[in-house]
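Subject: Structure handover

Hello,

Here is the structure for you to look through. My notes on it follow below.

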Amino acid sequence: MFISKSLRGLRDFAFVLAATMTVLFFLLRLTGDPAVVLAGEGARPEQIEAIRVEYGFDRSLIVQYGSAMLRLLQGDFGKSLVDGTPALEKVLASLPATLFLAAMAITVNLLISLPLGAWLGQKQEGAPRRIVRGALTVLQGFPGFVVALLLINLFAAGLEWLPSIGYGGPATWILPVVSVVSFLAPKLIRVVEANTHAALAADFVRTARSTGASDGWILWRHVLPNALLGAVALIGAELAFMLTGLVVIETIFAWPGIGWLLVQSTLNLDFNVVQAVVFVMVVSVFVSNAVTEAVQALLDPRIRVGGRAAS
């Protein structure tokens, strides 16, 4: 069952990747003529035409598409039209910055969401919990980029406490991480809260209480692990989102990840780099989803048992 499921996943991934790269290829050709950008302002028509011939842009779209797909199958995305660097190499050089931002955001998100969600999921009610829930509701309505702009205006432009751009050290990490976490945390807190509330009403909690276990021990030893199990899928989805959806945040903070590279390459009509970025994003999402499924199966034996039973 596991092998057949993996093969189906690879087949679906190959189809999605091929369809994505095909649509992207033709959409990029509608954005403009890269030969004009390469030639620069004031270039003569014959200079622009010479660049088209040099890079193969004078050929028909079908011929260009076939050549591009053949190179892709060989792992060759061509060279950047801007600086001549191999396109995939340029993307992979930017990937660690995106992974670093995603790792920091996930870590901070877990450190905030798990205890806060567990606290909200307990039965006690009161003004503090109502205030926190209200704040979460407000945060859920704010996109991450809006929070980013507000933080820049307050802490960078206004108080001048923190830098608003760059990737140079801990001070430059704070605003981008907070911007991402402000968008992700409310969802995870809500899931952990709901799972905690459900787990506290389960039979195993009543059994643990009957043995004299303290509420704190029950919460951290039994309730939270079950709440986290239900949140794994959301955490995996958030990771997949960060590998593809940090374009705006990276652009706002001039964070040198693949999102920022995608924007710059699109503006420069650097087709080869754009295609390499999207390829890496699609592969990253596939790997993220596969890892999430593996972790879920590892943490919950019922998934593995169910899989064998289905086979």
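Arg44 and Glu46 pair through their side chains in a salt bridge, 2.8 Å from N to O. The term means a side-chain nitrogen of Lys or Arg within 4 Å of a carboxyl oxygen of Asp or Glu. Arg44 has 46% relative accessibility, so it counts as partly exposed. Buried here means under 20% relative accessible area, exposed means over 50%, and partly exposed is in between (1.4 Å probe, protein chains only).

Please keep the source in mind: this is a predicted model, where local features need pLDDT of at least 70, side-chain atom pairs count only at pLDDT 80 or more, and totals for chains, interfaces and linings use all residues. Residues are numbered from 1 along each chain as its sequence is written, and side-chain values use heavy atoms, with hydrogens and water left out.

More on salt bridges

The structure holds seven salt bridges. Side chains of opposite charge can pair when their charged atoms come close. One of the seven joins Asp12 to Arg11, at 3.3 Å from N to O. Asp12 is partly exposed because its relative accessibility is 42%. Arg11, at 53%, counts as exposed.

Another links Arg52 to Glu49, with the closest N and O atoms 3.1 Å apart. Both residues sit in helix 3 (residues 45-55), three residues apart, or about one turn of the helix. Helices are DSSP runs (H or I, at least four residues), numbered from the N terminus. Arg52 is partly exposed at 23% relative accessibility. Glu49 is also partly exposed, with a relative accessible area of 36%. Salt bridges with shared partners tie Asp33, Glu49 and Arg52 into one network.

Helix 6

Which residues of helix 6 are buried? They are Arg129, Arg133 and Leu136. Seen down the axis of helix 6, the buried residues fall within an arc of 60°, so they line one face of the helix. That arc is taken from the directions from the helix axis to the C-beta atoms. What covers the buried residues includes helix 5 (87-121) and helix 8 (170-200). Contact here means heavy atoms within 4.5 Å. On the other side of helix 6, Pro128, Arg130, Ile131 and Val138 are exposed.

The length of helix 6 checks out too. It has 14 residues (127-140), which should span 20 Å at 1.5 Å a residue, and its end C-alpha atoms are 20 Å apart, which agrees. The expected span is 1.5 Å times one less than the number of residues.

Two positive phi values

Most residues other than glycine have a negative phi. Ala254 has a positive phi, near 50°. It lies in the loop between helix 11 (247-252) and helix 12 (258-267). Ala254 is partly exposed because its relative accessibility is 31%.

Leu269 also has a positive phi, near 55°. Its place is the loop between helix 12 and helix 13 (271-299). At 11% relative accessibility, Leu269 counts as buried.

A nonpolar patch

Val23, Leu27 and Leu30 make a nonpolar surface patch of about 320 Å². Patches are made of residues with over 30% relative accessible area and no salt bridge; nonpolar side chains (Val, Leu, Ile, Met, Phe, Trp, Tyr) are joined within 5 Å, like charges within 9 Å. Areas come from the Shrake-Rupley method with a 1.4 Å probe; for residues, only the protein chains shown count as cover. Leu27 sits in helix 1 (residues 2-28). It is partly exposed, at 49% relative accessibility.

Best wishes
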